[in-house]
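I am opening a notebook on a structure I have not looked at before.

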Amino acid sequence: MNSVPRVVAAMQLSAKNMGFSVPSESAIKNTIGISLVAGVERLFPQTKPAEKQAFIEEYKSQFRTIEHINAELFPNAKALVQQLRATDKRLAVATAKGREGLERVLTDTDMGSFFHTTYSANDALSKPHPQMLHFILDELKIEAHQAVMIGDTVHDMEMAQRAGIDRIGVTYGVHSEAELQAFSPKAVVHSLIELQKLLIK
């Protein structure tokens, strides 16, 4: 799902409404992939805890209600997930979203039934800590060498690397190919078609 424009807009509008210094698009994008709490701490390190919490609530409200920027599934995303599930792959989500936001997205996109398990920022330590992936491996009863992490941020790549899991970077999200390559992924792809060719033989 391409949620980057919506995240950036909601962050900048929230900062303006709260009277904070408005962060740049680049600064905001570098927090995508870690938990909202960790991202706010990184963007506004000198802000008092109560103000940070108020900002988080403001951001959640803005993200839900911004109407002029849609966050939609990438073309063919649902079809690819359906194909993977049909080939008996075990699928999981490891996201920096909170549980409430994750459940809302899964419901809105009608994607929840495709995943065997999901972990959010409420369920484990924030990326790039590997705890989320450890929980997934344990729950699905698979070994690290049997898994692959697919992600668009350096936080995804570092998390998988620290968990001893192979990783595939995708460039149609947050970070560039050069940034993703720094974590020695098995591959970096530029489209869902390329990803499909790697995952479905």
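**Entry 1: residues with positive phi**

I looked up D88 and noted that, at 68% relative accessibility, D88 counts as exposed. I used these cut-offs: buried is under 20% relative accessible area, exposed is over 50%, and partly exposed is in between, with a 1.4 Å probe and protein chains only. The model is predicted, so local features need pLDDT of at least 70 and side-chain atom pairs count only at pLDDT 80 or more, while totals for chains, interfaces and linings use all residues. Residues are numbered from 1 along each chain as its sequence is written, and side-chain values use heavy atoms, with hydrogens and water left out.

I placed D88 in the loop between helix 5 and strand 1. Helices (H or I, at least four residues) and strands (E, at least two) are DSSP runs, numbered from the N terminus. D88 is not a glycine, yet its phi is positive, about 70°.

I then checked S184, another residue other than glycine with a positive phi, near 50°. S184 sits in the loop between helix 9 and strand 5. Its relative accessible area is 51%, so S184 is exposed.

K141 follows helix 7 and also has a positive phi, near 55°.

**Entry 2: a cis peptide bond**

I looked at the peptide bond from K127 to P128 and found it cis, with omega near 10°. P128 belongs to the loop between strand 2 and helix 7.

I went to F183, in the loop between helix 9 (177-181) and strand 5. F183 has 17% relative accessibility and so counts as buried. Which residues does F183 touch, not counting those up to four places away in sequence? I listed V154, M157, E158, Q161 and R167, where contact means heavy atoms within 4.5 Å. From F183 to E158 is 25 residues in sequence and 6.4 Å in space, C-alpha to C-alpha.

I32 was next, in the loop between helix 2 (25-29) and helix 3 (36-43). Its relative accessibility is 16%, so I32 counts as buried. Apart from neighbours within four places in sequence, I found I32 in contact with V4, V7, T153, H155 and V174. I32 and D152 are 120 residues apart along the chain, and 9.5 Å separates their C-alpha atoms.

I56 lies in helix 4. With a relative accessible area of 6%, I56 is buried. Leaving aside neighbours within four places in sequence, its contacts are L36, V37 and V40.

I looked up the buried residues of helix 10 (residues 192-199) and noted L192, L195 and L199. Seen down the axis, they fall within an arc of 55°, so they line one face of helix 10. The arc is that of the directions from the helix axis to the C-beta atoms. As background, an α-helix has 3.6 residues a turn, so residues three or four places apart point the same way. I found that the cover over the buried residues of helix 10 includes helix 5 (77-86), strand 3 (148-151), strand 4 (166-170) and strand 5 (187-189).

For helix 7 I wrote down M132, L133, I136, L137 and L140 as buried. Their arc around the axis is only 135°, which puts them on the same side of helix 7. These buried residues pack against strand 1 (92-94), strand 2 (117-119), strand 3 and helix 8.

**Entry 3: two helix pairs**

At what angle do helix 7 (residues 131-140) and helix 8 (residues 154-163) pack? I noted about 55°, with the axes 8 Å apart. Axes are lines fitted to C-alpha atoms, for helices over the stretch in contact, and angles run from 0 to 180 degrees between N-to-C directions. That angle makes helix 7 oblique to helix 8; under 35 degrees counts as roughly parallel, over 145 as roughly antiparallel, 65 to 115 as roughly perpendicular and the rest as oblique. M132, L133 and H134 of helix 7 make the contact with M159, A160 and A163 of helix 8.
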